[in-house]
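I set out to record what I looked up in this structure, entry by entry.

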Number of protein chains: 4
Amino acid sequence: MIQASNFFVTLREDGDPKEVASELARRGLWSSPRRNRDGQTTLAVEARSAVVNPRELETIPGVASVFTAGFDCMLLEKQPKIVAVGDQFIGEAPTVVAGPCSVESKEQIADIAGELAGGGVRFLRGGAFKPRTSPHSFHGHGVKGLEWMREAADTYGMQVVTECLSEEDADAVSALADVMQVGSRSMSSQALLNRVGRCGKPVLLKRGMASTIKEWLLCGERLLMAGASAVVFCERGIRSFDPWTRNVLDLGAVAMLSHGFGLLVMADPSHGAGRRDLVLPLAYASTVAGATGVMVEVHNDPGKAVSDGPQALTPREAIVLNQRLQDGFAVAAG
Amino acid sequence: MIQASNFFVTLREDGDPKEVASELARRGLWSSPRRNRDGQTTLAVEARSAVVNPRELETIPGVASVFTAGFDCMLLEKQPKIVAVGDQFIGEAPTVVAGPCSVESKEQIADIAGELAGGGVRFLRGGAFKPRTSPHSFHGHGVKGLEWMREAADTYGMQVVTECLSEEDADAVSALADVMQVGSRSMSSQALLNRVGRCGKPVLLKRGMASTIKEWLLCGERLLMAGASAVVFCERGIRSFDPWTRNVLDLGAVAMLSHGFGLLVMADPSHGAGRRDLVLPLAYASTVAGATGVMVEVHNDPGKAVSDGPQALTPREAIVLNQRLQDGFAVAAG
Amino acid sequence: MIQASNFFVTLREDGDPKEVASELARRGLWSSPRRNRDGQTTLAVEARSAVVNPRELETIPGVASVFTAGFDCMLLEKQPKIVAVGDQFIGEAPTVVAGPCSVESKEQIADIAGELAGGGVRFLRGGAFKPRTSPHSFHGHGVKGLEWMREAADTYGMQVVTECLSEEDADAVSALADVMQVGSRSMSSQALLNRVGRCGKPVLLKRGMASTIKEWLLCGERLLMAGASAVVFCERGIRSFDPWTRNVLDLGAVAMLSHGFGLLVMADPSHGAGRRDLVLPLAYASTVAGATGVMVEVHNDPGKAVSDGPQALTPREAIVLNQRLQDGFAVAAG
Amino acid sequence: MIQASNFFVTLREDGDPKEVASELARRGLWSSPRRNRDGQTTLAVEARSAVVNPRELETIPGVASVFTAGFDCMLLEKQPKIVAVGDQFIGEAPTVVAGPCSVESKEQIADIAGELAGGGVRFLRGGAFKPRTSPHSFHGHGVKGLEWMREAADTYGMQVVTECLSEEDADAVSALADVMQVGSRSMSSQALLNRVGRCGKPVLLKRGMASTIKEWLLCGERLLMAGASAVVFCERGIRSFDPWTRNVLDLGAVAMLSHGFGLLVMADPSHGAGRRDLVLPLAYASTVAGATGVMVEVHNDPGKAVSDGPQALTPREAIVLNQRLQDGFAVAAG
């Protein structure tokens with residue numbers, strides 16, 4: 001149960017607050033006692049301490065009742081644990097989504113797709129509309145880029161994951177993509193979430209650079225409310241103070257969504273680290289922390305990429321990553 | 001090579017800036033060109049983009065010379081990759097350091113040590129001097145607690161890792177501990193680093209809550225300069241904005257220290273998450289990201305712990321963690 | 001000049017690097033020397049250290065040339081320092097923008113507008129479309145709310161500032177507002193910026209919760225490029241780790257935009273602090289730091305507000321704030 | 001009253017929860033209702049929403065009782081609002097503490113002191129022991145530097161404020177300084193706080209780079225508990241994500257300590273901004289936000305400073321700042 005707000009455990013008259021607090025701590029829950037006017041005691045329980053089903057706490061000796069404020073994730077709660085995308089499934093075998101930061105040309109995307117598909121990668125990503133910090137930078141080939149990517153994917157039996165940046169483009173993206181992505185810069189743009197959700201497709205929802213887990217969940221809920229057929233969360237690093245990595249990949253959030261809440265969550269170590277030399281270790285670590293897959297930037301010639309080359313893997317590296325994840329991988333002792 | 005400052009690649013007169021930049025990008029390096037007055041071109045390379053040995057870049061066609069500002073980690077650079085602690089080694093088989101947040105009594109620490117040692121855990125941690133936010137909280141049993149822990153460790157053939165909080169206590173801690181710990185609240189306290197280093201022991205250096213990787217490295221260098229026999233870094237989560245986890249465990253930093261710089265680094269998922277239900281997934285993920293071991297809080301009865309109970313594992317859980325890490329563990333495919 | 005990227009000062013052959021570095025430090029600039037292959041020296045200057053016109057540095061004895069990478073703020077650079085909005089001006093006398101978080105009813109907005117206008121406040125704000133974290137919360141009265149606000153403003157001779165949340169609503173908002181606001185949740189939504197800019201109105205651009213100053217500037221540049229007649233920046237607090245204030249109001253950013261770059265910038269202490277008891281001290285401090293005005297939440301009965309009541313000022317408090325700002329205010333010694 | 005933990009308002013049987021919540025909101029307090037088993041209602045009140053005396057809330061119609069968990073600031077609560085330092089007072093007329101980052105030589109500190117004192121500045125700061133990130137940097141002249149500073153201060157009738165970095169140096173610093181400073185790198189070093197407090201002097205306590213307001217307050221409480229005669233807090237910027245300023249000066253924290261809690265608090269805009277061009281606007285803004293004074297770095301020749309030159313003011317600038325603050329300053333309208 002996605003219980004994310006603090007809640008209250010009220011004791012029977014003969015309940016011993018220390019004993020009950022001790023039982024809560026055994027379940028990983030921090031609590032603090034409040035005495036009511038009539039001498040009755042309530043323990044305020046911090047939801048942030050562990051994921052539990054509050055209902056189960058009513059069986060603790062000495063507990064009279066448990067009061068929870070409602071939490072707005074009822075649609076996420078009911079979402080299936082496996083999502084079909086074409087002939088593929090997210091939530092079963094680890095998913096690797098790979099492709100270039102930008103779709104640069106018809107040949108480029110076809111080449112990359114061919115190479116990746118030959119190595120078993122089944123999801124193709126690529127930016128057709130590029131959100132760029134400077135208004136004067138290259139912003140992508142738009143619908144034309146999408147069409148190139150669709151064609152490449154169809155040729156090689158892949159599924160397309162691509163970002164929708166604008167309400168205006170939603171229908172065009174929906175027509176050509178298998179999974180619509182909402183990027184971290186747009187995560188909190190509610191109009192866009194409503195518009196993308198309305199397309200009725202599965203959505204990959206990247207976490208905003210400074211969004212709390214709660215805000216992220218509620219944006220997922222919003223997508224489902226608007227009509228999205230499924231939501232797959234994607235952790236891509238939060239903004240922090242260290243200049244040596246572009247972002248901090250928050251694998252605690254991945255573990256919480258996956259193990260705690262039973263949601264589908266992927267990780268994007270390319271943006272999470274912003275350094276190619278950390279992408280593979282973080283990709284493996286992500287799946288161990290609970291991610292159902294990873295999204296990585298790949299370029300056939302990182303040295304010539306129009307954007308983000310230095311964080312891109314080669315197709316070969318992505319294929320090895322995919323292979324190891326598909327096979328299960330052994331972590332060698334010492 | 002621990003090259004952490006930006007550096008400069010100067011081209012031959014016939015060097016093609018685009019070609020060289022392309023070669024740098026292939027190695028994961030972001031660069032930007034500068035033209036000198038005489039038309040010569042220099043590429044400023046961002047050290048944050050990847051770990052490379054700048055010397056190797058001189059072999060790229062078109063490169064005349066590489067200029068690096070010195071970086072102050074020469075002692076870390078030369079530190080051995082394996083550290084002996086008693087009959088144990090850090091840097092070989094995964095190290096599990098386990099024990100209670102606070103040493104509460106002679107019996108408590110002996111019980112926990114016995115149980116952990118019986119399950120193969122060889123490093124015992126425990127707080128004798130406790131840094132607490134409020135001056136009115138329990139601050140530990142001090143030297144008496146240390147002696148209890150030493151005795152328990154000797155009985156069961158374990159090594160002791162414990163924090164030194166004060167310059168005044170350094171000799172007492174040094175006399176009783178095998179590894180001296182500098183905590184995250186003290187990481188930037190240079191007088192303490194100097195004093196602890198002078199004891200000549202191996203030191204476990206936790207990362208400060210908001211310390212950059214560079215500051216952390218330099219504190220390690222300071223310990224070696226002061227005389228520490230070895231430094232093992234320990235990532236324990238950085239402070240961020242989300243209230244649902246106590247800190248954000250930065251596994252990108254672990255990967256960088258381990259894979260990038262070849263340093264010994266552990267992770268503390270107990271403080272990193274502050275939630276028991278995330279400790280195990282993050283512990284496994286840490287070792288996959290490059291940690292040579294993990295440090296976890298363990299309590300024989302988390303419900304009765306005087307501090308941090310809700311984030312403590314049981315001894316049984318710590319033993320299973322240790323066993324899986326010692327055996328190597330297979331990550332099952334989907 | 002909005003020079004925000006690092007730049008390079010190359011010395012004459014007879015230039016003394018220490019002397020030139022010293023001159024740069026006198027101007028507040030951090031620099032570090034690089035030697036070229038031919039022995040020539042370049043000083044890399046950190047733009048983050050101070051705002052200067054790089055051209056002026058060419059007059060320093062020993063300097064041969066200054067090399068700056070282009071920076072993409074040419075439109076901001078040329079924007080006038082005073083913006084006319086109806087019969088009012090932003091950039092002259094301090095501007096107070098006041099009104100309720102949500103437009104709740106026709107009567108409510110009319111009452112508040114009447115009271116504020118009677119006390120000299122000339123800009124009315126109010127949320128018609130409300131961005132709310134939970135999809136199940138109240139989202140505002142939409143266009144109807146906008147019409148009520150327009151009517152209230154016209155009755156009392158006020159200018160309307162209101163947020164545009166969606167590309168779809170841009171024309172409706174443009175038709176009824178005098179200044180279109182882009183909120184912090186949407187700041188990095190480039191499609192929305194393009195669409196709002198196209199309306200050709202002045203835009204109040206709130207800073208994103210985790211946006212850097214550079215990203216914020218570039219979003220302003222984007223608005224101008226798309227057609228906005230003017231951009232007024234608005235600092236509203238960045239997300240940080242302390243739970244006692246909702247955000248951290250970054251008055252250093254206000255000072256930099258105002259004093260350093262000569263841009264129009266306001267501050268929103270209501271969201272910046274999230275606590276009513278800090279709103280007034282921060283409002284005065286903002287104008288002293290360089291803000292050309294403040295935006296505050298006001299409610300005729302904060303106890304009954306449908307949203308954000310506890311951070312709202314009463315109309316009376318807003319009027320006193322406005323009066324003191326219009327009169328210039330003396331800060332008493334001791 | 002320094003009430004920093006959430007607290008609970010229990011209603012009479014005939015109390016109307018909506019009415020009481022409304023009254024709380026009028027006082028700036030966010031609350032949320034909890035129903036007990038017997039139908040009685042309690043409102044949980046967020047202390048972070050405003051500073052109030054919980055006792056006063058018992059007069060609200062419908063309120064039965066108010067329950068507050070104790071908060072550990074009883075010594076801070078009782079501290080006088082004005083602190084005598086030699087013939088000077090902190091807490092009355094604005095205090096300007098000025099001086100170089102490092103005491104470089106006997107002549108340097110005497111020159112700066114003479115110039116500052118001639119312009120009315122009465123507090124001299126200067127680093128004798130310097131905390132530096134790299135162990136290989138200049139670490140100050142130590143006790144000799146302190147003696148030079150003492151002599152300069154005595155010659156010109158100034159009070160000395162200087163940092164104590166080490167438990168070992170505490171007595172030496174105490175013997176020569178009028179106010180002992182604990183720096184931001186050491187704020188959470190409890191052994192140092194205990195040792196410095198034991199000297200019985202007034203202490204200037206800088207805020208840690210990532211310390212919460214609550215942690216900061218508790219470190220102040222610890223100093224008083226250890227014997228410090230008074231604590232003056234000093235906000236110096238918290239670490240955040242923007243590379244253009246060194247830190248973010250948190251004037252909301254200044255307003256809260258000053259206006260909310262009635263504590264003595266200063267601001268250090270030199271470190272807060274790390275850019276000379278922002279120091280003066282932020283200094284004035286700080287006092288308007290509630291600071292009882294400012295601490296600024298000054299150098300007679302910033303171009304030659306051994307450390308932090310680019311953020312130092314000239315003595316002349318510091319004198320004008322002091323003069324304007326002593327005179328009270330008028331903020332001109334538009």
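The entries below concern a helix pair, a chain interface and salt bridges.

I worked on a predicted model, where local features need pLDDT of at least 70, side-chain atom pairs count only at pLDDT 80 or more, and totals for chains, interfaces and linings use all residues. Residues are numbered from 1 along each chain as its sequence is written, chains are lettered from A and ligands numbered from 1 in the order written, and side-chain values use heavy atoms, without hydrogens and water.

Entry: helix packing. I looked up helix 10 (residues 276-289) and helix 11 (residues 315-327) of chain D, which pack at about 15 degrees with their axes 11 Å apart. Helix 10 of chain D is therefore roughly parallel to helix 11 of chain D (angles under 35 degrees count as such).

Entry: interface. I found that chain C and chain D each give 73 residues to their contact. Between them they bury about 5,400 Å², 64% of it on carbon and sulfur atoms; buried area is the accessible area (1.4 Å probe) that two parts lose on being put together, summed over both.

Entry: salt bridges. I counted a side-chain nitrogen of Lys or Arg within 4 Å of a carboxyl oxygen of Asp or Glu. The interface of chain C and chain D has four salt bridges, and C:Arg26 forms a salt bridge with D:Asp301, with the closest N and O atoms 3.0 Å apart. Over all chains the count comes to 60.

Definitions and conventions:
Axes fitted to C-alpha atoms, helices over the stretch in contact; angles between N-to-C directions. Helix = DSSP H or I, 4+ residues; strand = E, 2+ residues; numbered from the N terminus. Parallel < 35°, antiparallel > 145°, perpendicular 65-115°, else oblique. Contact = heavy atoms within 4.5 Å.
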